[in-house]
Every structure is written in structure tokens, then in C-alpha cells.
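Hi,

Here is the structure I promised to send over. Have a look at it first, and then read my notes below.

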Amino acid sequence: MGGIGLDTVRRLKRSALAFAVLAGLAACGGVDSPVVATRTAPVVEAPAAPSGDGATLGAGSVKVALILPLSGPGASVGAALRNAADLALQESQSPDLKILVKDDRGTPDGAREAAAAALAEGAELVIGPLFSATVQSAAATVRPSGKPVIAFSTDTSVAARGVYLLSFLPQTEVDRIIDETTAAGRRSFAALIPDSTYGHVVEAQFREAVARRGGRVVAIERYPAGNPAASVGRLAPLISGPAPQADALFLPDTPEGLGAAGAALTRAGFSPARVKPVGTAVWNDPRVFALPAFQGGWFAAADPAGFTGFSQRYRARFGADPVRVATLSYDAVSLAAALNRQYGSQRFADTTLTNPSGFAGIDGTFRFRPEGTSDRTLAVFEIRGGATTIVSPAPRALGPSGT
């Protein structure tokens, strides 16, 4: 099977500074929200080199397109992703790449035009776009050519063979936290789930993950965003009192939503010492760490160590803090350079990109599945007294696909 093995990538890491960490994407459209994970200092927009149509990074013989919203919706995020690609190119060993930077203007029409222009200029791989609607449009243009796309949307409905999502997918977080919770002996789950697109996605994955691990779902209550009180009241007999029927409570909501849910749970007599609260990377926020109802709770996210080093290098180069998802662009360009060195004409073949051993990246080990989604190694964090600690480190390698 093609692909760049983990041992090879680890050698590359040691020689070109280390790769690093994970966290979140707030975008627009589809399920491109609410992901978060590691909070950083407020972002100051970095000065960037010219980055619109016609701009290039590097002068190698292998052409790779980078399609981003450099104007219009998401332009500040697009600029940071472009900067991260530049940093990756500079830190890669003999990349032999020329990055064709294209502005999709944050629109499907712009993405279609950018993709067509990139193909006309000889791009062998497309990196980006960012939003689900622009990914869908660019992919429709690129796929007939047989060239692959590595995109940044969190909406798995746009994934397909040849359209791979290098993003922070909530499904992966759900699998990790359910695996860890059941391994700790808690197998009866209740769930409080916001009635939102994100809630619907994670609920489906939650049901599947609990069933796969041999657990049971005692009850699920859905609630309108920001208004969980009635649902908490209905669920209270199962999760409060001295003998609750559930031993874990799954609650995947944003910090704002968790504030209201936490207050309602406390009023209902919920004890996190009896029923463990568990969630996804959207919990990774100091506002959540301070809530009494979530003390001792667990959530899955990437180990934050790598992003720290990446941020320092980005800041030294561009004079500003990167947005959290800048690592996606860095990893995509680093991967393209490494595969080009290793695999020649098969560098971007589907069998190379879907190597089941995966690749080492800033946010841990990741791999692309044949259907276009991705897996990541994640850590499990516990909330303790207004802070977090890692209770289960991110694995060094991914397990068998589909488990």
C-alpha cells in the first residue's frame, strides 16, 4: 500500500522542526462549526505576501493549488492558512513544489473558477477550500480530471473518494470519548443534545459508537439551543439522585450552551461524581472548566503541545498569532512535499493518500479513509478545578480503520 510511513515522517519531523497539535474550525455552511479546542491569544491579522490569483509560493516542478477565501467571507482565516502553507514550504526538505495560490472569494462560483484555473495551469493536487459549499463546488470541477482534493471543511457530506477532509471532524472526537468512557467501565449513557446541525451529526455518531462498544443508551433528550431546562427536567430522574440509571452523560454543546445546561443540571441535583459528564472538543474552553456540573468531566481533543511550537514559529515569521486551523494548511503542504519526495509519479495517487498507517502531522497522527473522511489520534482531558489535565494521552498510532 502506498503512503509515507510513520517512521519516515518522524525522521522528517526531527530534521525540519517538529509537527504539532489540534483543535477547531468555525466556518460557515454545512457542519463547518462549531469546532473549537485549544484557545490561543486573540488573533492579530498577520501581514501576508500577495496572495490572490497569480501568486505562487515556491519554484518547484510539481504544481499544487491552494484554494482559500482570501477576500470575502473568511478572508482573515484564509490569509492565515496561506501563511501557514508558506511556512510549511520553507520548513520542508527540498519540497520541489510550486503552490498556485487561488482566491475563491468564499463563494461556490469563486471556488469553481479557482479550481478550473488551477487545473489549466497544471495543478496535480488541490489543497482547500475551507467551507463545505466551496469544497463541493471545487470538487465537482476537479474530480473529472482525476486529481485529488485535500479540503478543510468539517462537513462529511462533501467527502468522497478523491476528496479528502483534513479537518477536525466531530465524529472522531465522539468515537474517542465513548471508547475511553466504556473502557473505564461506564456503559450506560444518557444524552442531552442541542437541536442543531452539529447536534444531529454527533448524535448519530454517539449512537453508533455506544452500540459498537457494547454500551446502552438509557435516554436522549434534545433541546432548543440555549434552552435546556425542560429537557434536563425530563432527564433528571435518570441522572440524579443516589441511584441514577445512567453512569455517563453525553452533552456535546458550545461553551455558551453548556453554561445554561450546567446551571439546569445543578438545579436538578445532578452530581458529576456519580454520573460522568463527557463531551467533544467544543468543551475546551475556560468557561466550561469553571462550571460545577462538569468537574471530573472528560472530553476528547488533540494534545496541545504541537500547536505551541507551531505558533511560536508562525509568530516569529508573520508577527501575529495564527488562527487555530492554520495547522491544517501547514500539514497539507508538508504532506504534499513529503509524498513528492517519497513516491514520485504516485505521490498523490489514492492508494498513497489512503495509507492505513497514516501520516504524522502537527495535530498528531492522521489518515484519510477511502471515502474521504479522516481519522485522528486524540487525547482525553479531565476538567479539574478550573483547568484540565490529560487522563489518556493521544495514541502514537491509529488503530485498525473502522473500529
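R105 and E113 pair through their side chains in a salt bridge, with 3.2 Å from N to O. Please keep in mind that this is a predicted model. Both partners are partly exposed: R105 has a relative accessible area of 35%, and E113 comes in at 47%.

That pair is one of 24 salt bridges in the structure. Another joins R317 to D86, whose closest N and O atoms are 3.3 Å apart. R317 sits in helix α10 (residues 305-318) and D86 in helix α2 (residues 75-91), so this bridge ties together parts that are 231 residues apart in sequence. Here R317 is partly exposed at 39%, whereas D86 is buried at 10% relative accessibility.

E203 is buried at 7% relative accessibility, while R207 is partly exposed at 40%.

D175 is among the buried residues of α5. That helix covers residues 170-183 and reaches 20 Å from its first C-alpha to its last, close to the 20 Å expected. Of its 14 residues, 12 are buried, so α5 is largely enclosed by the rest of the structure. Just after α5, G185 takes a positive phi of about 95°.

Happy browsing!

Notes
Residues are numbered from 1 along each chain as its sequence is written. This is a predicted model: local features need pLDDT of at least 70, side-chain atom pairs count only at pLDDT 80 or more; totals for chains, interfaces and linings use all residues. Side-chain values use heavy atoms; hydrogens and water are left out. Helices (H or I, at least four residues) and strands (E, at least two) are DSSP runs, numbered from the N terminus. The expected span of a helix is 1.5 Å times one less than its number of residues. Buried means under 20% relative accessible area, exposed over 50%, partly exposed in between (1.4 Å probe, protein chains only). A salt bridge is a side-chain nitrogen of Lys or Arg within 4 Å of a carboxyl oxygen of Asp or Glu.
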